[in-house]
Amino acid sequence: MRRARWRSAFPAADTFDPDRWLPERTTREQRDAFMPFAIGARKCIGDVFGLTEASIALSVLLQHWRFAPAPGSRPSPRPSLSLHPRRLRLRLHPRERAFATTEGDRCPPPSTPRPS
(Lines give C-alpha, C1' and ligand atoms only; values in the text may rest on other atoms or scores of the structure.)
Protein backbone atom coordinates (compact mmCIF):
# COMPACT_ATOMS: atom_id res chain seq x y z
CA MET A 1 0.00 0.00 0.00
CA ARG A 2 1.29 3.45 -0.80
CA ARG A 3 2.30 5.78 1.98
CA ALA A 4 0.05 8.52 0.56
CA ARG A 5 -2.98 6.46 1.50
CA TRP A 6 -1.65 6.10 5.02
CA ARG A 7 -1.46 9.89 5.23
CA SER A 8 -5.15 10.15 4.40
CA ALA A 9 -6.06 7.46 6.93
CA PHE A 10 -3.63 8.57 9.65
CA PRO A 11 -3.06 12.34 9.81
CA ALA A 12 -0.03 11.92 12.16
CA ALA A 13 1.27 8.65 10.73
CA ASP A 14 4.88 9.18 11.86
CA THR A 15 4.09 9.89 15.52
CA PHE A 16 3.91 7.18 18.15
CA ASP A 17 0.27 6.98 19.20
CA PRO A 18 -0.85 3.54 20.42
CA ASP A 19 -4.24 5.00 21.34
CA ARG A 20 -5.05 5.42 17.65
CA TRP A 21 -6.19 1.76 17.71
CA LEU A 22 -8.81 2.29 20.40
CA PRO A 23 -12.26 1.39 19.04
CA GLU A 24 -13.66 4.89 19.56
CA ARG A 25 -10.79 6.46 17.56
CA THR A 26 -10.59 3.94 14.71
CA THR A 27 -12.42 4.55 11.45
CA ARG A 28 -13.22 2.08 8.69
CA GLU A 29 -10.61 3.71 6.44
CA GLN A 30 -7.93 3.17 9.11
CA ARG A 31 -8.85 -0.50 9.56
CA ASP A 32 -8.64 -1.02 5.79
CA ALA A 33 -5.29 0.79 5.53
CA PHE A 34 -3.50 -1.35 8.11
CA MET A 35 -1.99 -4.58 6.69
CA PRO A 36 0.40 -6.13 9.21
CA PHE A 37 1.96 -9.26 7.66
CA ALA A 38 -0.10 -10.74 4.84
CA ILE A 39 0.57 -8.36 1.96
CA GLY A 40 2.51 -5.32 0.94
CA ALA A 41 6.13 -4.24 1.13
CA ARG A 42 6.51 -5.50 4.70
CA LYS A 43 5.17 -8.97 4.01
CA CYS A 44 6.67 -11.70 6.16
CA ILE A 45 9.75 -12.96 4.31
CA GLY A 46 9.62 -16.34 6.05
CA ASP A 47 6.09 -17.38 5.12
CA VAL A 48 7.12 -19.49 2.11
CA PHE A 49 9.99 -21.02 4.08
CA GLY A 50 7.65 -21.89 6.96
CA LEU A 51 5.08 -23.53 4.70
CA THR A 52 7.82 -25.43 2.86
CA GLU A 53 9.35 -26.62 6.12
CA ALA A 54 5.95 -27.75 7.44
CA SER A 55 5.25 -29.63 4.19
CA ILE A 56 8.60 -31.43 4.36
CA ALA A 57 8.08 -32.32 8.03
CA LEU A 58 4.62 -33.72 7.27
CA SER A 59 5.94 -35.74 4.33
CA VAL A 60 8.70 -37.25 6.51
CA LEU A 61 6.15 -38.15 9.20
CA LEU A 62 3.84 -39.74 6.64
CA GLN A 63 6.78 -41.62 5.14
CA HIS A 64 7.56 -43.35 8.46
CA TRP A 65 4.16 -43.51 10.16
CA ARG A 66 0.61 -44.47 9.21
CA PHE A 67 -1.99 -42.21 10.83
CA ALA A 68 -5.36 -43.66 11.85
CA PRO A 69 -8.18 -42.38 14.05
CA ALA A 70 -7.86 -43.61 17.64
CA PRO A 71 -10.33 -46.35 18.62
CA GLY A 72 -13.66 -44.86 19.61
CA SER A 73 -13.01 -41.46 18.07
CA ARG A 74 -15.14 -40.12 15.26
CA PRO A 75 -13.58 -37.10 13.57
CA SER A 76 -16.20 -34.58 12.52
CA PRO A 77 -15.58 -31.41 10.52
CA ARG A 78 -15.75 -28.03 12.22
CA PRO A 79 -16.34 -25.08 9.93
CA SER A 80 -14.53 -21.87 10.70
CA LEU A 81 -12.13 -19.81 8.59
CA SER A 82 -10.93 -23.16 7.24
CA LEU A 83 -12.38 -26.63 7.64
CA HIS A 84 -10.71 -28.67 10.39
CA PRO A 85 -11.75 -31.42 12.81
CA ARG A 86 -13.30 -30.61 16.16
CA ARG A 87 -11.06 -32.99 18.05
CA LEU A 88 -8.74 -35.33 16.24
CA ARG A 89 -7.21 -38.17 18.21
CA LEU A 90 -4.79 -40.19 16.16
CA ARG A 91 -2.92 -43.40 16.61
CA LEU A 92 0.39 -43.76 14.82
CA HIS A 93 1.52 -47.08 13.42
CA PRO A 94 5.07 -47.49 12.12
CA ARG A 95 5.32 -48.23 8.43
CA GLU A 96 7.41 -51.14 7.27
CA ARG A 97 10.21 -49.73 5.18
CA ALA A 98 10.43 -51.45 1.86
CA PHE A 99 13.60 -50.29 0.19
CA ALA A 100 14.38 -53.29 -1.96
CA THR A 101 18.08 -53.67 -2.66
CA THR A 102 17.60 -57.05 -4.31
CA GLU A 103 14.51 -59.12 -5.03
CA GLY A 104 12.80 -59.92 -1.71
CA ASP A 105 15.41 -58.06 0.38
CA ARG A 106 14.12 -55.39 2.77
CA CYS A 107 15.92 -52.97 5.00
CA PRO A 108 14.94 -53.08 8.68
CA PRO A 109 12.98 -50.19 10.23
CA PRO A 110 15.18 -47.35 11.56
CA SER A 111 14.79 -48.44 15.22
CA THR A 112 15.91 -52.03 14.58
CA PRO A 113 19.67 -52.57 14.88
CA ARG A 114 21.27 -53.98 11.75
CA PRO A 115 23.18 -57.25 12.00
CA SER A 116 26.95 -56.93 11.62
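**Close-up views of a predicted model**

Figure 1. With a relative accessible area of 40%, Leu 61 is classed as partly exposed. A nonpolar surface patch of about 670 Å² includes Leu 61 together with Leu 58, Leu 62, Trp 65, Phe 67, Leu 88, Leu 90 and Leu 92. Two or more residues of the patch come from each of helix 3 (47-64), strand 1 (65-69) and strand 4 (90-94). The greatest contribution is that of helix 3, which supplies 3 residues.

**Figure 2. Overall arrangement of the chain.** The chain contains 3 helices and 4 strands, and these follow one another along the sequence in the pattern α-α-α-β-β-β-β. Of the 116 residues in the chain, 7% are buried. The accessible surface amounts to about 10,200 Å², and carbon and sulfur atoms account for 60% of this area. When contacts between residues at least 6 apart in sequence are considered, 31% of them connect residues at least 24 apart.

Figure 3. Thr 26 belongs to the loop that links helix 1 (3-9) and helix 2 (28-33). This residue is buried, its relative accessible area being 13%. The side chain of Thr 26 approaches two backbone oxygens: that of Leu 22 at 2.8 Å, and that of Arg 20, which lies 3.2 Å from a polar atom of the side chain. Apart from neighbours within four places in sequence, the residues in contact with Thr 26 are Arg 20, Trp 21 and Arg 31.

**Figure 4. The salt bridge between Asp 17 and Arg 25.** Side chains of opposite charge can pair when their charged atoms come close. In the whole structure, 1 salt bridge is found. Asp 17 and Arg 25 form a salt bridge in which the closest N and O atoms are 2.7 Å apart. Asp 17 has a relative accessibility of 22% and therefore counts as partly exposed. Arg 25 is likewise partly exposed, with a relative accessible area of 42%.

**Figure 5. Arg 20, a buried residue without a salt bridge.** Arg 20 is located in the loop between helix 1 and helix 2. Although buried, Arg 20 has no salt bridge, and the nearest side chain of opposite charge, that of Asp 17, is 4.4 Å away. The side chain of Arg 20 instead reaches the backbone oxygen of Ala 12, at 3.1 Å. Beyond residues up to four places away in sequence, Arg 20 touches Phe 10, Ala 12, Ala 13, Thr 15, Arg 25, Thr 26 and Gln 30.

**Figure 6. Leu 83 in the loop between strand 2 and strand 3.** Leu 83 is situated in the loop that joins strand 2 (77-78) to strand 3 (84-85). The relative accessible area of Leu 83 is 63%, and the residue is therefore classed as exposed. Once neighbours within four places in sequence are set aside, Leu 83 is in contact with Pro 77 and Arg 78.

Methods:
Residues are numbered from 1 along each chain as its sequence is written. This is a predicted model: local features need pLDDT of at least 70, side-chain atom pairs count only at pLDDT 80 or more; totals for chains, interfaces and linings use all residues. Side-chain values use heavy atoms; hydrogens and water are left out. Buried means under 20% relative accessible area, exposed over 50%, partly exposed in between (1.4 Å probe, protein chains only). Contact means heavy atoms within 4.5 Å. Accessible areas come from the Shrake-Rupley method with a 1.4 Å probe; for residues, only the protein chains shown count as cover. Patches are made of residues with over 30% relative accessible area and no salt bridge: like charges are joined within 9 Å, nonpolar side chains (Val, Leu, Ile, Met, Phe, Trp, Tyr) within 5 Å. A salt bridge is a side-chain nitrogen of Lys or Arg within 4 Å of a carboxyl oxygen of Asp or Glu. A polar contact is a pair of N or O atoms within 3.5 Å; within protein, one must be able to donate a hydrogen and the other to accept it, and residues adjacent in sequence count only if both atoms are side-chain atoms. Lys and Arg count as positive and Asp and Glu as negative; His and the chain ends are not counted.
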